[in-house]
Amino acid sequence: MSAATTRSRTPDRLCAEAVDLARTAAEEVAYPGVVGEHLGMVSEGDRVVTHYFECKEPGYRGWRWASTVARASRAKVVTLDETVLLPGTDALLAPEWVPWSERLRPGDMGPGDLLPTDAEDLRLEPGYSGEDEPAPNSAVSDDMARLVEAEDIEVTAGTPAHLPAAPRRGSIAAVAEELGLRRARVLSRYGLHVAADRWEEGYGAKTAMAQAAPATCVSCGFLNRIGGSLGQAFGVCANEFSPADGRVVSLAYGCGGHSEAAVMPKPPRPAPPVIDETRVDPFPLRPSPDSGSVPAAPDESTAELGHS
């Protein structure tokens, strides 16, 4: 064990008394009024002491100004080493840094944003591959490179999506394009399950809307089927009045806009009028004397006023 490690950690007396020097240094780094009262000191080594002061800066709760002073051997003058702002045990700290790939959430991308896809993304797998041929997104194998000179073919490097023009006949990319496999990578089984779980959570059978729906989407006329294996459980809603319009919905999902949930009743139509053209009903132009509307004998009281 060296002699340095066996020395006492007792603070040096002159360094411990240099509180004013440490405070002045802290105020020069910050500004007066931000450096609070002296919180204590810690011996960092032989003739090296760090003084701590309260930090009154807004937003830095629990932080401390630390000024380290030192004294040379056999010297009586204390000098300043450094002044920094350090967090305490109960300091308010920023959250731990998280990579952007883990912070990204659906809906965060805007116009012009580019989202790179990792080459080892578990959601994707090569769109086509063979037992004796490399994947389209990998370098051309040595065996194929040796066949270039022996056979009159062209080996195209890279994926078909990066080719400026259609690959020539005989290349791996040309065969893939002829078979309809131009995509370099497609959804893997893991990617399919992740997408299905996400869609099921948003528009699935366990949502509140589906629980209150009169019927499921599998029998709705507004459901548009999708291809692939996901088409066995999902489709696209085409009802503009549905909350899931334009969304991928589970076949077990449902809403009040189901095509067969309620039929709009027809407005009542009055019965057509009945006209009997074989019968004639006479209507007199003048009322009959015995109808009661005109008295049979003239009234003397009204006769003087000229009434008939």
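**Pocket, sheet and one buried alanine**

Let me start with the pocket: α3 (100-103) and α6 each supply at least two residues of the lining of the largest pocket. Helices here are DSSP runs of H or I with at least four residues, strands are runs of E with at least two, and both are numbered from the N terminus. This is a predicted model, where local features need pLDDT of at least 70 and side-chain atom pairs count only at pLDDT 80 or more, while totals for chains, interfaces and linings use all residues. Residues are numbered from 1 along each chain as its sequence is written, and side-chain values use heavy atoms, without hydrogens and water.

The largest pocket holds about 400 Å³ of space. Its lining has 13 residues, and the closest to the centre are L104, R105, P106, L115 and R123. The largest share of that lining, three residues, comes from α3.

Now to α6, residues 189-202, which contains A195. Is A195 buried or exposed? A195 counts as buried, because its relative accessibility is 6%; the cut-offs are under 20% for buried and over 50% for exposed, with a 1.4 Å probe and protein chains only. A195 and L230 are 35 residues apart along the chain, and their C-alpha atoms are separated by 9.0 Å.

Last, the sheet. Three strands form an open antiparallel sheet in the order β7-β8-β9, where pairing requires at least two DSSP bridges between two strands. Strand β8, residues 234-237, is joined to β9 by three bridges. G235 has V249 in β9 as its bridge partner.

Note on methods:
On a 1 Å grid over the protein atoms alone, a cavity is a set of points where a 1.4 Å probe fits but cannot get out, and a pocket is an open set with protein on both sides within 12 Å along at least five of seven lines; lining residues have an atom within 4 Å of a point. Grid points are joined across faces, edges and corners, and a volume is the space filled by probe spheres set on the points.
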